[in-house]
Amino acid sequence: MRFRRLIPACAALAFSFAAQAQLTVEITGAGANRLPVAIADFTGERIVAQALTSVVRADLERSGLFSLIDAGSPLADSTTPPFEDLKARGADAVVGGSVTGMEQGRYETRVRLSDVQKQAVLGNPAFLHTGAQLRATAHRIADYVYEKLTGEPGVFSTRIAYVVKSTGRYELKIADADGSNDQAALASREPIISPTWSPDGAKLAYVSFEAKKPVVYVHDLASGRRHVAANFKGSNSAPAWSPDGKQLAVVLTKDGSSQLYLVNADGSGVTRIATSSGIDTEPRWSPDGQHIYFTSDRGGSPQIYRIATTGGNVERVTFEGNYNVTPRLSPDGKSLAFIARNGGRFQLALMDLATKQTMILTDSAKDESPSFAPNGRMILYATEIGGRGVLAAVSSDGRVKQKLSVQAADVREPAWGPLVR
Amino acid sequence: MRARHLTLPLLSALTLLLAACGSQPPAPEQNPAGVESRTPSGVKVETPAVKPVTPGPAIDPYSIAALKDPKSPLSKRSIYFDYDSYVVKGEFQSLLTAHSRFLAANPKMKMLIQGNADERGSREYNLALGQKRADAVRKALALLGAKEEQVEAVSLGEEKPACTEATEECWAKNRRGDMLYSGEF
């Protein structure tokens, strides 16, 4: 978007100089059995081709599921890959491509993904794009390769939201999943917390303290328009979207302590879901819409519970330890990420809901706000390193680890957006 | 922000005081007091009556000015809590009594109670904990005579720490309820 008026060469240069405020991603752990894949240099328009392949490579490498093999020489989509040579280099798959300049600054990029062992073409998609859409195109190519080789959707084209706190300033930012192209959706002198994406990825609900108290807003990202979804007497917080995007579960204190309510996304029709004498907060819908998981101190210490969306009995979900908070369901609804306190350390934990087996995924001490990637493979969360707030991501098997940080600022409250259709 | 709200009323009060000292001539649009501009020849001389006012105490203990008077308990606005607790401790009873009397004496005054929590743990859970603390302060004030509609209890959770080091001393300062009056929020 930002580069729309720049000529492609400038665009390619511009994105190699990352803005200082941008998130930088550092890989701190990788999967055990990484798939060896060669991404050859594409042929045709050289600068555009280089920009594309460097982003595709970075995406696949960052996922922790691939090891990159040097292809040796450029490879067009129309050329049969040198399979014997690639096999000798240890590659299981190879990607070639070509970029053709068209009228009005547009490009056609044709890609061919091949299986080196079987010497067979796995697919050859084509992408029409402008010079300003190089990164977006590269993410699409990486998503294609990822899905063909792993069988699950790639998330390189998705976006993330997070809050950056610098001295006296809070910014709600939206960036590509790799941290680039960050844009501020809201800048405020007062805190912003709990951003969460609508299921269609068009809106964010969040809590802003700009009125000197917590108020829930719904913000349309494309138009920049927003409205108040909940501003009752007392505090309004912890918004969660229903899977159909029509309702929000929110926490209100209008009738006493923090309790769970449903409200239509436009702010109308408030109804109460559950009742306790203590604290109920952090609601989250299960992906099938059947249950709402939440944190409550009704049993004496904060634990995770669930209630059917139609009402009825409240079931306790966590039992180990005396502080289990911030429930987040995986996209397939089979596991639950949450924050557990272990001997004074707050750590990201993952529970298999069928067996109740729980695994601690991190070795840090101040983990907060987990958020699943829409394919369920990675969990993004906030933590603290060297006294500074950073974002980190860990794969649901605990092997792949990444750190995302911004220079000289605290980053917190991450929320991974939905898949781009 | 707070200082700016303070200076305006103070300045206008000072101006009024100065004007009341009476060394200035009456404003032109006003009729000079006690002098009648009649034309008849015989002028009747009258001495205008002066009625003295008995001076009250320097500052009414429940006046708005007392809120800013460092000698008044009303200038103290924070109630501190123990870890993971939202019980108002006995040591704050007299302070809460002073504020509830002030609210009763000034029914148009509104109060916003902002509950706070230390940084450990979930932001949203800490927001709920701060709400419990603000609510405990609100209930204590209501018991002591403040009206329900005068007071709103909200939470800032762990978002507005008074102290930012990761020490127990610092965390203790962040587990608090702050009382703000109309014009301060």
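Predicted model: local features only at pLDDT ≥ 70, side-chain atom pairs only at ≥ 80, totals over all residues.
Residues are numbered from 1 along each chain as its sequence is written, and chains are lettered from A and ligands numbered from 1 in the order in which they are written.

View 1. Chain B holds four helices and four strands (DSSP runs numbered from the N terminus, with H or I over at least four residues for helices and E over at least two for strands). Along the sequence they follow the pattern α-β-α-β-α-β-α-β. Of the 185 residues in chain B, 30% are buried (20 or more other C-beta atoms within 10 Å of a residue's own; exposed means 12 or fewer, partly exposed lies in between, and C-beta atoms are placed from the backbone). Among contacts between residues at least 6 apart in sequence, 69% join residues at least 24 apart (a contact has C-beta atoms, placed from the backbone, within 7 Å).

**View 2. Helix H2 of chain B.** Here you can follow residues 93-105, a helix of 13 residues that reaches 18 Å from its first C-alpha to its last. That is close to the 18 Å expected at 1.5 Å a residue (1.5 Å times one less than the number of residues). B:His99, B:Ser100, B:Phe102 and B:Leu103 are buried. Seen down the axis of H2(B), these buried residues fall within an arc of 155 degrees, so they line one face of the helix (the arc is that of directions from the helix axis to the C-beta atoms). They pack against strand S2 (111-116), helix H3 (123-143) and strand S4 (176-181) of chain B. On the other side of H2(B), look for the exposed B:Gln93 and B:Ser94.

**View 3. The two domains of chain A.** The domain assignment (bounds from an automatic or database source) gives domain 1 (8-21 + 34-150) and domain 2 (159-416). Their C-alpha centres lie 35 Å apart. In this view, 10 residues of domain 1 are in contact with 11 residues of domain 2. On the domain 1 side, helix H2 (46-62) and helix H4 (134-150) of chain A each supply at least two residues, and H2(A) gives the most, with three.

**View 4. Where chain A meets chain B.** Across this interface, 27 residues of chain A are in contact with 18 residues of chain B. Strands S12 (192-197), S16 (236-241), S20 (280-285) and S24 (324-329) of chain A each give two or more residues to the chain A side.

How values were computed: Contact = placed C-beta atoms within 7 Å.
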